[in-house]
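Please keep the sequence and the structure at hand while reading.

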Amino acid sequence: MSNRKMITAALPYANGPVHIGHLAGVYIPADVYARFQRRSGKDVAFICGSDEHGIPITIRAKKEGVTPQDIVDKYHEIIKKSFSDLGISFDEYSRTTSKKHYETSQDFFKVLYEKGKFTEEVSEQYFDEQAGEFLADRYIVGTCPNCGNENAYGDQCEKCGSTLSPSELINPKSMLSGNVPILKETKNWYLPLNEYEDFLNEWIIEGHKDDWKPNVYGQVKSWLNDGLKPRAMTRDLNWGVPVPLPNAEGKVLYVWFDAPIGYISFTKEWAEKNGKDWKDYWQSENSDLIHFIGKDNIVFHCIIFPAMMKAHGDYIMPKNVPAFEFLNLENDKISTSRNWAVWAHEYVEDFPGQQDVLRYALLSSAPETKDNNFTWKDFQTKNNSELVGIFGNFINRVAVLIHKYYNGIVPQGDQNTPELQEINKSAKEISGFLENYEFRNALTALMNLARFGNQYLQTEEPWKTIKDHPEKAAHSLFVGAQIAVALAQLCEPFMPFSSEKLLNMFNVQKLSWSDVETKSVLIETGHQINESSLLFSKIEDDVIEAQIQKLEDTKQNNKKTNPNANPMKEEITFDDFTKIDLRTATITEAEKVEKADKLLKLTIDTGVDVRTVVSGIAESFTPEEIIGKQVMILLNLAPRKIRGIESQGMLLLTTKPDGKLSFVTPDDSNVENGIEIG
């Protein structure tokens with residue numbers, strides 16, 4: 001095992017904020033691992049950045065009527081701040097629009113080109129005649145041949161998970177114009193993945209059968225069993241890293257060629273800032289390369305990127321690719337397009353100072369081997385029952401009692417007592433789990449130490465023995481202090497903000513992981529601790545209900561056929577409805593109301609009588625154009641005075657897209673006045 005760890009986290013698309021699915025499936029586990037390796041004395045480079053060249057970027061830009069650069073500038077900052085706010089400790093968080101990335105990815109391409117690793121192929125690809133553009137896979141939608149989903153993309157069906165090519169779609173359409181695209185010849189550069197099958201089989205299938213996660217190993221094995229095909233490494237697009245060849249105008253590097261090279265270019269940026277040699281991390285056998293990704297990125301990180309690095313010849317292969325499954329939200333798939341998500345930046349705003357609660361909740365539900373589910377009620381339970389009731393309760397009892405009985409000075413105790421071995425045991429357990437990427441088990445081991453501390457205090461009862469057996473009380477609080485400080489040290493990878501508070505509370509410095517694994521005493525007798533404060537606070541039902549209601553509002557908005565429609569008003573009963581008297585009527589006179597720009601005074605023949613109605617429609621209609629207009633009127637609305645004029649009823653109108661009003665009128669223009677509607 002190497003002393004150097006090159007840790008990467010999948011590059012998030014800069015077309016929207018990050019949500020809890022991203023956090024649970026990539027970024028928080030990666031951060032825990034990186035923090036643990038640093039505490040273990042390893043030379044760590046933890047690298048990530050925004051992927052700013054994907055098709056989702058250009059799709060978002062077209063929807064918002066702005067440039068792709070506007071989109072990536074906006075969301076890069078939002079994403080970067082969210083990671084910082086949640087304590088994700090990247091050594092470098094950069095972006096694929098950086099100058100260094102353009103240079104690195106283009107140099108990488110040129111090396112492969114000059115070595116003859118590409119094939120030039122002319123193929124027919126879909127072209128949108130109206131838009132005048134070749135269509136990237138994500139710009140083509142159609143019916144999935146496997147499950148019948150009518151909104152499958154040209155590269156993947158998000159309903160059944162099948163990987164597709166545009167030619168496989170039934171009834172393909174362009175997302176740019178909605179038209180049926182034509183096939184048109186174009187030349188691109190392909191990487192013949194089939195030439196790397198033997199290498200990939202030997203490296204993964206034979207070399208990592210026992211140490212890679214089954215979901216990763218199984219998916220790669222399936223791809224290799226089906227046989228690999230050449231894959232285009234360039235695209236006909238106007239947004240991306242330009243292909244660095246003289247005969248490649250209008251072509252850019254395929255996003256899954258340039259994006260993983262971002263790991264390298266970002267490492268270069270970090271190395272330059274810190275006086276390091278980036279090659280020590282990417283081109284030395286004394287470096288472990290670890291990719292943290294979601295399961296939808298397995299093929300790119302385990303087949304395409306390794307084949308690229310093998311073709312280049314100078315790079316090490318990943319030691320492990322711990323891919324996670326998906327996290328659902330309230331038993332439904334997280335969806336950016338449906339806004340069905342808990343967004344990281346919104347959580348930070350809604351739960352200030354409670355970043356560790358989310359980290360803890362997501363780690364305890366991390367989808368390590370299968371899809372998992374996040375619910376707000378479970379989040380509340382984990383906070384109130386576990387963080388407040390177990391972890392925080394133990395810390396508070398120890399600190400408060402030491403201040404109460406010993407003025408905040410750690411009392412005398414037996415350093416050889418067997419209870420202290422639980423600390424070393426827990427540290428080693430957590431270490432073993434984290435080395436094997438078992439984050440949920442590691443978190444459980446941490447909480448079990450807090451449970452042990454609570455049980456120990458409950459058995460020893462120093463608040464009782466302090467009178468008749470003061471030495472016993474002192475010993476039990478000495479042990480309690482050791483466990484509390486151990487928790488402060490060991491919780492840092494999982495809950496860094498709480499760890500910092502605890503270290504300050506007990507007035508101790510951060511130790512190496514090996515110290516916690518081997519030392520029997522972590523805080524000496526006679527050590528002065530600082531005033532205690534609550535680590536976690538109870539989250540009340542109304543706070544959780546507000547979050548659930550936010551999701552319910554999202555669900556209702558998703559049902560709208562018109563996104564501009566206002567929400568439904570409060571329900572009424574059938575009896576309420578029968579009281580409404582809607583009638584056909586005709587406007588016979590109309591004039592402006594003095595000193596009121598929006599009001600018209602109308603004389604209306606209702607068939608029942610002739611009455612006056614004051615209506616705020618002057619900005620949409622002139623008096624002259626509505627005389628003789630047949631309308632619908634709410635007849636039995638109680639009269640009220642408007643600008644001194646008694647208004648006897650209300651007209652039915654709607655708002656057009658341009659903001660102007662439109663009358664709701666009978667279908668038959670010759671219908672008599674006074675006819676009831678309903």
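Strands β19 and β20 form a hairpin with four residues between them, and G607 in its turn has a positive phi of about 85°. Strands here are DSSP runs of E with at least two residues, helices are runs of H or I with at least four, and both are numbered from the N terminus. Strand β19 (residues 600–605) runs antiparallel to strand β20 (residues 610–615), and six bridges join them. Two strands count as paired if DSSP finds at least two bridges between them.

The model is predicted: local features need pLDDT of at least 70, side-chain atom pairs count only at pLDDT 80 or more, and totals for chains, interfaces and linings use all residues. Residues are numbered from 1 along each chain as its sequence is written, and side-chain values use heavy atoms, with hydrogens and water left out.

A hairpin is also formed by β4 and β5, with four residues between them. In its turn, G132 has a positive phi of about 70°. Two bridges join β4 to strand β5 (residues 133–134) in the antiparallel sense, and D128 stands opposite E133 in β5. Strand β4 (residues 119–128) also runs antiparallel to strand β9 (residues 182–191), with nine bridges between the two. There, T186 in β9 is the bridge partner of S123.

| Strand pair | Bridges | Direction |
|---|---|---|
| β19 and β20 | six | antiparallel |
| β4 and β9 | nine | antiparallel |
| β4 and β5 | two | antiparallel |
| β15 and β16 | two | antiparallel |
| β13 and β14 | two | parallel |

Strands of a sheet pair through backbone hydrogen bonds, either parallel or antiparallel. An open sheet of five strands has parallel pairing and the order β3-β2-β1-β13-β14. Its edges are β3 (92–95) and β14 (323–324); each has a single partner strand, so one side of each is left without a neighbour in the sheet. Strand β13 covers residues 287–294, and G294 stands opposite F324 in β14. Helix α1 (residues 20–39) packs on this sheet and touches β1 (4–9), β2 (43–50), β13 and β14. Contact means heavy atoms within 4.5 Å. The direction of α1 makes about 155° with that of β13. Helix α3 (residues 68–85) packs on the sheet too, touching β2 and β3, and its direction makes about 170° with that of β3. Axes are lines fitted to C-alpha atoms, for helices over the stretch in contact, and angles run from 0 to 180 degrees between N-to-C directions.

Another open sheet has three strands in the order β16-β15-β17, with mixed pairing. The edge strands β16 (332–333) and β17 (372–374) each pair on one side only. Strand β15 covers residues 327–329, and N328 stands opposite K333 in β16.

The domain assignment gives domain 1 (4–117 + 192–328), domain 2 (119–190), domain 3 (391–528) and domain 4 (574–677). Such bounds come from an automatic or database assignment. The centres of domain 1 and domain 4, taken over C-alpha atoms, are separated by 63 Å.
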